[in-house]
Amino acid sequence: MSQKTTDRTGAAGANKAAGKQAKGLSRRSVLKGAAALGGLAAGSGAVTGFPTIWAQNPITLRQFGTGVSNLNAIAEKCKADLGITLQMTALDSDAVSQRVVTQANSFDVADIEYWICKKVFPAGTLQPMDVKKIKFYDQIVPIFTTGKLTPESKIAQGTAPNTVSFVEGADSKKFSPTPTQWMTLIPTIYNADTLGIRPDLVGRPIKNWKDILDPAFKGKTSILNIPSIGIMDAAMICESAGIAKYADKGNMTKAEIDTTIDFLIKTKKAGQFRAFWKTFDESVNLMASGEVVIQSMWSPAVAAVRSKGIPCVYQPLEEGYRAWGGGLGLAKHLKGAQLDAAYEYINWYLSGWVGAYLNRQGYYSAVLSTAEKYMTPDEWAFWMLGQPAKTDILSPEGKVMYTAGAVRDGGSFQDRMGAVACWNSVMDEDRYMVRRWNEFIAA
Amino acid sequence: MTLSRIAPYLQATPLTAILAAFLVLPIATIVMVSFWDYDSIQIFPAFVFTNYEETITSPVTWSIYLNTLKYTVIVWAVTLVIGFWVAYYLAFHIRSATAQMVLFLVCTVPFLTSNIIRMISWIPFLGRNGLLNQSLMQMGLIDQPLEFLLFSDFAVVLAMVHLYTLFMVTPIFNTLMRIDRALIEAARDAGANAFQILTNVIIPLAKPGIAIGSIFVVTLVMGDFITVRFMSGGQSASVGLMMANQIALLQYPAAAANAVILLILVLLLVGGILRIVNIRKEL
C-alpha cells in the first residue's frame with residue numbers, strides 16, 4: 001500500500017516532495033471538508049466525552065507510515081479533538097520496515113501493513129496493546145481478530161491479518177494463531193484489490209484473472225512491477241489459467257516461484273504485456289491513454305481514471321480479491337503519559353470520524369459501527385452496502401466521485417471483503433523470489 | 001624555503017579534501033558495504049563474497065549488462081553522428097561568431113527543462129493513441145498504430161539520444177573551433193577534396209573532442225535507470241535499474257556489489273577511450 005503512493009526507484013527526495021505536496025493539498029481541502037463535516041458532527045453530537053487534559057499537558061506522538069492513511073486531515077482532527085499533536089511522516093513500506101527495526105526511538109506510533117508486521121514485530125521494537133484498553137475492541141471487524149468475516153468464511157491465503165494480530169503475552173514476540181489479550185496492530189485501513197479494465201475497449205465481459213491472458217488483449221495488458229505484490233497478482237492469474245496450483249500463494253515454494261516466473265517470462269516474450277508499472281500515476285496514465293485495457297490496479301487509481309471522464313471499472317473476478325491492510329503499532333519505548341495518550345489516540349481513531357473519512361475514500365475502516373454514525377445514510381448505502389447512490393457521492397475533499405445512480409464496483413463490503421483470495425504477504429523465499437522477478441523484468 | 005615547498009601542497013589541499021570527502025569516501029563506503037551481508041530488513045557488517053557471487057554467476061546479470069552495453073553502443077554511435085554533424089555545421093558553415101554562439105545556445109535551450117520532463121514528454125507523443133500515430137494514420141500512411149514506438153528499445157534509445165546528444169556536440173564543437181583554418185586551406189591547395197579534408201584533417205584533429213563526448217555519453221548511458229524504466233515501460237532492464245530495484249528492497253550490499261562491478265566496467269571503457277585518444281592535448 002505504501003507502494004501505492006511512492007515510486008520505489010525514485011529518489012527519497014521526490015517522495016518527500018510528493019508527501020509535502022499531498023499535505024498541502026489536503027490541508028486546503030480539509031478546511032473545505034471541515035465545514036461540511038462540522039455540520040455533520042454537530043448534528044450527531046458525537047465528538048464529546050474525551051478528556052482535554054492533553055491540552056494542558058501537551059503531548060506529541062510521532063507517527064510514521066505509508067502514505068495511504070498518513071493523512072494530515074486526521075492529524076488536524078486529532079489535535080482538535082484530543083489536543084494530541086501528531087507528527088506524521090509518510091514513507092514507503094521498505095523504509096518503514098527498516099526504520100521500525102533499526103531506529104526504534106525515532107517513532108511513537110508506526111502505521112504499518114500486516115505483512116510488514118510479520119517481518120518486523122519479532123525484532124522487538126514494538127509493544128503489543130492490551131485489548132482491555134481498546135474501547136471498541138469488540139466491534140473490530142473480525143477479519144483482524146478471528147480471521148473470519150462471518151463464522152463460515154474461510155481464512156484467505158497470504159499474511160492474513162489475524163495470523164499476526166496477536167502475540168502470546170505482553171512481552172512476547174511470538175504470534176498467536178488465536179486472539180489473546182495482546183494485539184500487535186490496531187487495524188486502520190484495508191481494501192480488496194483486483195484488475196482494472198476499460199469497459200469501452202475490452203469488448204467482452206471480464207470474469208476471471210486469466211482474462212488478462214486473452215490473445216485479443218495482446219500488447220494491451222500490464223501488471224505491476226513491485227515484486228511482493230506483482231507475484232501475487234501473477235499467482236492469481238496462473239491459478240486461474242490452470243498453470244499452477246498453490247498451497248499458499250502468499251508463501252510459495254521455490255518450485256512454485258519458478259513455475260510462476262517461467263510462465264510470466266513466456267507470456268512477456270509472446271508480447272502479451274504492454275508495460276509494467278511501478279507508481280500510481282503510471283497505472284493511471286497507462287489506462288487513461290488506452291495503452292492498456294486490462295491491468296493490475298489500485299482502487300484510487302481507478303477513481304483517478306474515472307475522474308478524467310474515461311470509463312474504468314474495478315472488475316470483481318470469480319477467483320476473488322487480493323487484499324491488503326494496515327494498522328497502528330506502538331513503539332516499545334512508550335510509557336506513562338505518552339502511552340496513555342497513544343491508547344487514547346487509538347480509541348479515538350476507532351471512534352468513527354477517521355473511519356468515515358477512510359470509508360469515503362473507498363477504503364474500509366476497522367470499526368464499521370462507529371464510522372456509520374459519521375456517514376450519511378446514502379453514503380453508507382453506497383460505500384458499504386453496494387447500493388446505487390441516491391445523490392452524488394463526494395470524496396472527503398468534496399469532489400464528486402460518483403454521480404447519483406452509480407454503484408460501487410464489486411458491491412457491498414461483505415461481497416468484496418468476503419471474497420478475498422489472498423493477502424499481501426512476505427514469503428520465506430523472499431530473496432529468491434526477488435531475484436527471479438528481476439529475471440522476468442530483464443527477460 | 002620551506003614555505004615554498006609547502007605551498008603547492010596547501011594549494012592542492014582544498015581539492016584533495018573535497019575529492020576525499022565527496023568521491024573517495026563514498027566509493028570506499030560502497031566497496032565496504034558490497035562485502036556485507038543482509039536479510040530482508042537489515043544489513044550487517046561481514047566479509048562475504050556472496051553478493052559478488054550471486055551477481056556474477058547469475059545469467060540475469062549478464063543479460064542485463066549486455067543489454068546496457070547494447071544501449072551504450074547504439075546511443076554512442078547515434079549521438080556521435082548527430083553530434084559531429086551539428087558541431088561541424090556550427091563550426092564551418094556558420095560564418096559569424098555571433099550566429100555561432102546564438103545557434104549553440106539554441107542547442108542548449110531544451111536543457112533548461114528537467115531531463116525527466118523532456119523524457120516523459122515523449123510518452124504521449126509516441127503512444128498508441130499518441131500524436132505521431134494519429135498523424136500517420138490520418139495521413140493514411142498506416143492503418144494500425146505502430147506499437148514499437150513506445151515501451152520498446154526504440155523508445156529508450158530515442159529518448160537517450162535526445163537527452164545526451166548535446167554532451168557530444170559541445171566538446172566536438174569546441175575542438176573544431178580550434179582547428180587552424182589554414183590547415184584546411186593547405187589541404188585544399190594540395191588537391192584534397194571535401195571528403196578527404198574531412199577524413200584526413202578534421203576528424204583526426206577532432207578526436208580529443210570526440211573522446212570527451214564519448215566519455216560523457218558512455219558514462220551517462222551506463223548509469224541510466226530512469227530513462228530505461230519509463231521508456232521501456234518496465235519491459236527492459238539496465239544495470240542502474242537493477243540496482244534501483246535492489247535498493248528498493250533494502251538489498252544494499254547486492255546493489256553496492258553491482259555498483260562496484262559497474263564502476264570497474266565503466267572505468268575500463270573510459271580507460272580504453274583514453275588509450276586510443278590523448279585528450280590532454282585538449283585540456
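This is a predicted model: local features need pLDDT of at least 70, side-chain atom pairs count only at pLDDT 80 or more; totals for chains, interfaces and linings use all residues.
## Chain A at a glance

Let's start with chain A, which has 443 residues, 54% of which count as buried. Its secondary structure consists of 17 helices and 18 strands. If you take the contacts in chain A between residues at least 6 apart in sequence, 73% of them join residues at least 24 apart.

How many residues does each domain bring to the contact between them? Domain 1 of chain A brings 27 residues and domain 2 of chain A brings 26 residues.

On the side of domain 1 of chain A that touches domain 2 of chain A, four elements supply at least two residues each: helix H5 (114-120), strand E6 (157-158), strand E9 (186-193) and strand E15 (321-331) of chain A. H5(A) gives the most to this side of domain 1, with four residues. Sorted by class, the residues on this side of domain 1 are 11 nonpolar, nine polar and seven charged.

## A buried arginine in chain A

Is Arg99(A) buried or exposed? Arg99(A) has 21 C-beta neighbours inside 10 Å, and the cut-off for a buried residue is 20 or more, so Arg99(A) counts as buried.

Which residues does Arg99(A) touch, not counting those up to four places away in sequence? The answer is Phe64(A), Leu91(A), Ser106(A) and Phe107(A).

## Chain B at a glance

Chain B has 283 residues, and 32% of them count as buried. Its make-up is 13 helices and two strands. The C-alpha trace of chain B spans about 80 × 70 × 35 Å along its principal axes. Among the contacts in chain B between residues at least 6 apart in sequence, 71% join residues at least 24 apart.

A UniProt record, an unreviewed entry, lists residues 65-273 of chain B as "domain: ABC transmembrane type-1". In the model, this span of chain B is 78% helix and 0% strand, with its end C-alpha atoms 19 Å apart.

At 1.5 Å a residue, its 12 residues should span 16 Å, and the end C-alpha atoms are 17 Å apart, which agrees. H4(B) is also hardly covered, as the count of buried residues among its 12 is zero.

Phe151(B) is worth a look for its backbone. Most residues other than glycine have a negative phi. Phe151(B) has a positive phi of about 55°, although it is not a glycine. Phe151(B) is found in the loop between helix H7 (131-138) and H8 of chain B, and with 29 C-beta neighbours inside 10 Å it counts as buried.

## Where the chains meet

The contact between the chains takes 24 residues from chain B and 26 residues from chain A. On the side of chain B that touches chain A, helix H3 (59-93) and helix H12 (239-248) of chain B are the elements that give two or more residues. H12(B) supplies the largest share of this side, four residues. By class, this side of chain B has 12 nonpolar, nine polar and three charged residues.

## The nonpolar cores

The largest nonpolar core holds 186 residues, and those touching the most other members are Ala110(A), Tyr345(A), Val420(A), Ala155(B), Ala159(B) and Met160(B). Helix H8 (residues 153-178) of chain B gives the largest share of this core, with 13 residues. Why does this core lie between domain 1 and domain 2 of chain A? Both domains give residues to this core, so it lies between them.

Val420(A) shows the packing at the level of one residue. Leaving aside neighbours within four places in sequence, Val420(A) is in contact with Ala156(A), Ala192(A), Gly320(A), Tyr321(A) and Ala323(A). There is also a second, separate core of six residues, which includes Met384(A), Ile393(A), Met401(A) and Tyr402(A).

Terms used: Residues are numbered from 1 along each chain as its sequence is written. Chains are lettered from A and ligands numbered from 1 in the order in which they are written. Two residues are in contact if their C-beta atoms, placed from the backbone, lie within 7 Å. Ala, Val, Leu, Ile, Met, Phe, Trp, Tyr, Cys and Pro count as nonpolar, Asp, Glu, Lys and Arg as charged, and the others, Gly among them, as polar. The expected span of a helix is 1.5 Å times one less than its number of residues. A nonpolar core is a set of buried Ala, Val, Leu, Ile, Met, Phe, Trp, Tyr and Cys residues joined through C-beta atoms within 7 Å. Domain bounds come from an automatic or database domain assignment. UniProt positions are given in the numbering used here, feature names are shortened, and annotations may be inferred rather than shown by experiment.
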